[in-house]
Amino acid sequence: MMNKIIATFSLLSFLYLNVNAQNVHSDNGNGTYTNPLISADFPDPDVIRVGDTYYMVTTTMFVFPGVTVLKSHDLVNWEYCSNAVPRFDFSKCYDLDTCNRYGHGQWATSIKYHNGKFYLLFITLNEGGFMLTAAKAEGPWHITHLPKGFYDPGLFFDDNGKVYVAQGYSKISITEVNDSLVAIGPDSLVYTGDIRKGLEGTHVYKINGYYYLYCTYGGRDGMQVALRSKNIYGPYEQKLLIYDTTKGINYGIHQGALIQTQTGEWWTILFVDSGPLGRFPSLQPVTWEDGWPMIGVNGKAVTTYKKPNVGKTYPIKDFPTSDEFKGKVLGMQWSWNHNPDDTKWSLEEKPGYLRLKTAAITSDFTMARNTLTQRPFAKHDQAIPTVATAKMDVAHMQDGDIAGLAMLQDPYAYIGVKQNGNRKYLVMVNNGKVVDSVAVNASTIFFRTIASNVTSKAMFEYSTDNKTFKALGNELGMRFSLKIFTGNKFCLFNYATKELGGYVDFDWFRTE
């Protein structure tokens with residue numbers, strides 16, 4: 001069995017080394033693009049256009065900095081704009097202080113631009129509603145805890161000066177709010193989903209005299225619908241816009257935003273439950289038929305298609321994934337698992353390295369503070385695995401410390417170094433169980449994770465010279481569990497099981 005695992009490792013490593021330059025952007029460079037629009041976990045997208053710039057907000061839940069805002073000039077090539085919430089100090093659970101917010105935190109945010117100000121509106125299931133405002137999408141953002149929360153809110157500024165929020169699960173309501181997004185009217189039920197349970201994810205548009213509630217019946221086989229009425233309070237009629245259950249990258253495409261380009265074209269960005277690496281956005285054309293925004297072509301979502309006409313051509317962009325830790329701030333691709341203890345990490349104590357000090361004593365990896373996470377990006381040929389390698393200096397660990405490279409979801413797994421007295425051991429832990437352990441006499445260790453969104457398997461390797469890597473332990477069977485509710489994430493970690501005071505230095509983290 002071990003020989004089979006090693007052979008599999010070797011094959012995947014060979015594939016990685018020979019194709020690691022393959023891009024992950026969706027722009028084909030010839031006037032077309034190929035979905036997924038972004039091959040990573042950016043779910044529940046809401047998108048607006050301000051001038052010639054498009055802004056997208058997505059769900060990040062319990063990682064901070066969070067509430068990621070992206071920007072684009074052509075709807076195809078996206079880049080980080082801001083993480084609107086640096087940290088979330090509204091419960092000790094966000095500090096992993098005897099409790100956590102896995103599967104909770106920020107959900108399904110609405111983004112709007114009105115009278116020179118950007119607005120974000122979201123709910124957490126535990127703490128309620130929150131509004132963020134900023135003069136620029138790059139921030140800084142000001143956060144306000146609202147007296148009332150709205151489930152899957154759709155913020156809408158009407159042309160008569162009134163402000164509304166659409167909200168709800170299965171039963172959709174409209175609530176009038178003031179300029180501070182505080183409710184000043186009742187929750188008025190306007191529609192009860194009648195295709196199946198779970199009508200949600202509502203966004204509101206006013207187009208050619210109609211109010212449109214752009215909603216989803218969620219789930220793996222999601223469907224996108226629109227409700228329309230001449231009156232914000234209804235009555236509404238419903239139209240199924242797309243229900244694509246074709247096996248592949250567009251299966252069950254649903255929940256997102258309608259967008260009109262500068263040239264008058266209409267598009268939608270929805271997401272697809274894409275496997276253990278998460279929920280990937282997809283860009284689809286929209287054609288208006290009898291006043292309804294029909295999605296895709298002939299009822300099916302497109303895979304490769306002509307790019308939107310925005311009046312200009314813009315360069316291809318790739319998201320950053322690797323990091324040499326040369327700067328004074330972390331790259332925007334990074335977020336901490338829950339709030340970090342900012343006194344326990346540094347990019348300046350040893351310039352060119354990320355120093356992670358032990359921040360709390362725990363025997364549970366999932367409760368370890370200062371675990372640094374990043375979304376894995378899948379290749380467009382998802383048969384090619386996603387690979388990450390990290391270089392660590394482990395000379396300053398203390399007895400009981402464990403540090404390394406992990407994949408976080410439920411289940412999780414990691415490969416790392418454990419300090420046991422004066423000796424160090426390489427360990428592979430799969431969902432809390434030590435699968436393998438081997439003594440090591442080195443202060444510099446290289447760890448590698450090889451993750452496949454197709455097979456749902458992740459495997460782990462180590463090296464002392466960054467040339468020859470050896471497999472350790474067994475495969476992680478990755479899942480997208482609703483207990484966590486995000487895609488599997490790469491993690492850099494260091495935690496103490498006995499006493500504080502130890503630290504490790506990460507020289508770099510590379511995915512290409």
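**Pockets of the predicted model**

Trainee: What volume does the largest pocket have?

Mentor: This is a predicted model, in which local features need pLDDT of at least 70, side-chain atom pairs count only at pLDDT 80 or more, and totals for chains, interfaces and linings use all residues. Residues are numbered from 1 along each chain as its sequence is written, and side-chain values use heavy atoms, with hydrogens and water left out. A pocket is an open set of points on a 1 Å grid over the protein atoms alone, where a 1.4 Å probe fits, with protein on both sides within 12 Å along at least five of seven lines. With volume taken as the space filled by probe spheres set on the points, which are joined across faces, edges and corners, the largest pocket has about 530 Å³.

Trainee: Which element gives the most to the lining of the largest pocket?

Mentor: Lining residues have an atom within 4 Å of a point; the largest pocket has 21 of them, with Ile-48, Arg-49, Lys-112, Tyr-205 and Leu-258 nearest its centre. Strands (DSSP runs of E, at least two residues, numbered from the N terminus) that give two or more residues include S7 (106-114) and S15 (199-207). The most, five residues, comes from S2.

Trainee: Which residues lie closest to the centre of the second largest pocket?

Mentor: The second largest pocket has a volume of about 410 Å³. Of its 22 lining residues, the closest to the centre are Pro-65, Asn-83, Pro-86, Leu-330 and Met-332.

Notes:
Helix = DSSP H or I, 4+ residues; strand = E, 2+ residues; numbered from the N terminus.
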